[in-house]
Amino acid sequence: MSHLDQTLFNALIRRGIDDRDLHRRALERVRDPALQILLFENLQTLDSLIADLQSQVSADGGEAAQRGTAAGALRILLADLSTRFAAQRDTAWVQCLARHECWLLHSFERQLQRAGRPEAGLSRQLDRLYGMHRDMHCLAGTTHG
């Protein structure tokens, strides 16, 4: 893995950590047991995705990112504020998560294009993200955007 690849992977790791942290906050806040189960499953998927990417960077002698971004912390704060006063809090969280998963998914798609060659590690992770993405958008009543 080149230095550029490690940089790209670390950017994805940070973005994944941001999304995982947002899912954790949502899991603490939603009331619907079925939604809680889905969010827990998404957390497991994100934990696995992050760990796989970190392992790939470390296996190539790089230092894998361990934290999310400052922007991610701000997104969590904004999501918490905007959903707190929503009439239907669970629905507001689902819509928020669906938007953020779009951003994560687009980040992976962009990194695959930037790499300019098929990257098996990223392709495998992308499949996981598509599954989460479909679930959240189905619940939100929206489409991929």
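These are my notebook entries on what I looked up in this structure.

**Entry: ground rules**

I am working with a predicted model, in which local features need pLDDT of at least 70 and side-chain atom pairs count only at pLDDT 80 or more, while totals for chains, interfaces and linings use all residues. Residues are numbered from 1 along each chain as its sequence is written, and side-chain values use heavy atoms, with hydrogens and water left out.

**Entry: overall make-up**

I looked up the secondary structure and found five helices and zero strands, where helices (H or I, at least four residues) and strands (E, at least two) are DSSP runs numbered from the N terminus. Along the sequence this reads as the pattern α-α-α-α-α. I then checked burial, and 45% of the 145 residues count as buried; buried means under 20% relative accessible area, exposed means over 50%, and partly exposed lies in between, with a 1.4 Å probe and protein chains only.

**Entry: helix 2**

I checked the length of helix 2, which holds 27 residues (residues 33-59). At the N-terminal end I found Asp-32 as the cap, with a side-chain oxygen 3.0 Å from the backbone nitrogen of Ala-34. For such a polar contact, the N or O atoms must lie within 3.5 Å, and within protein one must be able to donate a hydrogen and the other to accept it, with residues adjacent in sequence counting only if both atoms are side-chain atoms. Gly-61, which follows helix 2, has a positive phi near 85°. The buried residues of helix 2 include Leu-35, Leu-46, Ile-50 and Val-57, and among them are also the polar residues Asn-42, Gln-54 and Gln-56.

**Entry: salt bridges**

I searched the whole structure for salt bridges and the search gave eleven, a salt bridge being a side-chain nitrogen of Lys or Arg within 4 Å of a carboxyl oxygen of Asp or Glu. Side chains of opposite charge can pair when their charged atoms come close. I followed one network, in which Arg-25, Glu-28, Arg-29, Asp-80 and Arg-84 are linked.

Because Glu-28 and Arg-25 are three residues apart in helix 1 (residues 3-29), about one helical turn separates them. Glu-28 is exposed at 55% relative accessible area, whereas Arg-25 is partly exposed at 26%. Glu-28 also forms a salt bridge with Arg-29, with closest N and O atoms 3.7 Å apart, and Arg-29 is partly exposed at 29%.

Which residue does Arg-29 of helix 1 pair with in helix 3, 51 residues apart? The partner is Asp-80, and the closest N and O atoms of this salt bridge are 3.0 Å apart. The pair thus links distant parts of the chain. Asp-80 counts as buried, with 6% relative accessibility.

**Entry: a nonpolar patch**

I looked for surface patches and noted a nonpolar one of about 370 Å², made by Leu-74, Leu-77, Leu-78 and Leu-81. Patches are made of residues with over 30% relative accessible area and no salt bridge, joining like charges within 9 Å and nonpolar side chains (Val, Leu, Ile, Met, Phe, Trp, Tyr) within 5 Å. The accessible areas come from the Shrake-Rupley method with a 1.4 Å probe, and for residues only the protein chains shown count as cover. Leu-77 lies in helix 3 (residues 70-84) and is partly exposed at 48% relative accessibility.

**Entry: cysteines**

I checked for disulfides, defined as pairs of cysteine sulfur atoms within 2.5 Å, and the count came to zero. Cys-96 is buried with a relative accessible area of 3%, and Cys-102 is buried with 5%.

**Entry: contacts across the sequence**

I compared sequence and space for two pairs. Ser-107, in helix 4 (residues 89-115), is buried at 6% relative accessibility; 99 residues separate Ser-107 from Leu-8 in sequence, and their C-alpha atoms are 9.8 Å apart. Ala-140, in helix 5 (residues 120-140), is buried at 15%, and its C-alpha atom is separated by 5.3 Å from that of Gln-95, 45 residues apart along the chain.

Notes:
Expected span 1.5 Å × (residues − 1).
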